[in-house]
Amino acid sequence: MRRTAFFLVPVSLGALALAAASPEAVPRRVQEADTMTFFLTSRGPGDGANLGGLDGADAHCAILAEEGGGASGLTWRAYLSTVGDEVVHAKDRIGSGPWHNANGVMVARDLNHLHSEETGLGKEGSLSEAGDVISGRGDDVNRHDILTGSGMDGSAFMGDGDTTCSNWTSNASDGSARVGHHDRIGGGENPNSWNSAHGSRGCGQEDLRGTGGDGLFYCFAHR
């Protein structure tokens, strides 16, 4: 009679649980694919909505990503639209996804998911480059107004007057920028929108703070 030998290989319960977990539940150190590819800036350049244009905003994203320990070799783009002769739509600048925050949590699979009600963006998902929650409505300091210049679908917001603070080159009080609410609560025409809630009071640093902002914006790794 032929006998078949069986060998038992010890496997920890933790390893089995890890293998069975969904991708969102696996720690970042285990999933290489979960490298940070999205964050909300912990600070702006400090000159209101004068970000140095799109190039200056992109450079600020890259600086903060490096400070936060993000993977090298990624191309960082600010989620900002511009208007005028050469319109730029924020959604066209950031690639196709998926995107993960600093804790390795996937916040959006693709552009459609990003701009849907099911998006993972919100106060707990839109973390800074260091993995910190940015204060919002109801906190001691409200910083929930996020510069985008965009409509809810990610296209440039074509409203009456200035909607991008002169394409992110102005800190004047007589301008305005379309902003979203990172915590998805507040006032405006679309209070629950992360990217298109209302216009800012002005473009200077104090103007932005006056309506609950601080010159912050979203950064995505283009890939």
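The model is predicted, so local features need pLDDT of at least 70 and side-chain atom pairs pLDDT 80 or more, whereas totals for chains, interfaces and linings use all residues. Residues are numbered from 1 along each chain as its sequence is written, and side-chain values use heavy atoms, without hydrogens and water.

V88 is located in the loop between β2 and β3 (99-100); strands are DSSP runs of E of at least two residues, numbered from the N terminus. Beyond the neighbours within four places in sequence, V88 contacts (heavy atoms within 4.5 Å) L54, S81, T82, R93 and A156. The C-alpha atoms of V88 and S155 are 7.9 Å apart, at a separation of 67 residues in sequence.

Strands β2 and β8 run antiparallel and are joined by four bridges, pairing being assigned if DSSP finds at least two. T75 is opposite H222 of β8.

One cavity of 30 Å³ or more was counted. A cavity is a set of points on a 1 Å grid over the protein atoms alone where a 1.4 Å probe fits but cannot get out, and lining residues have an atom within 4 Å of a point. The largest cavity has a volume of about 40 Å³, taken as the space filled by probe spheres set on the points, which are joined across faces, edges and corners. β8 contributes the most to its lining, with three residues.

Technical notes: 1 Å grid on protein atoms, 1.4 Å probe; cavity = no way out; pocket = protein on both sides within 12 Å on 5 of 7 lines; lining within 4 Å.
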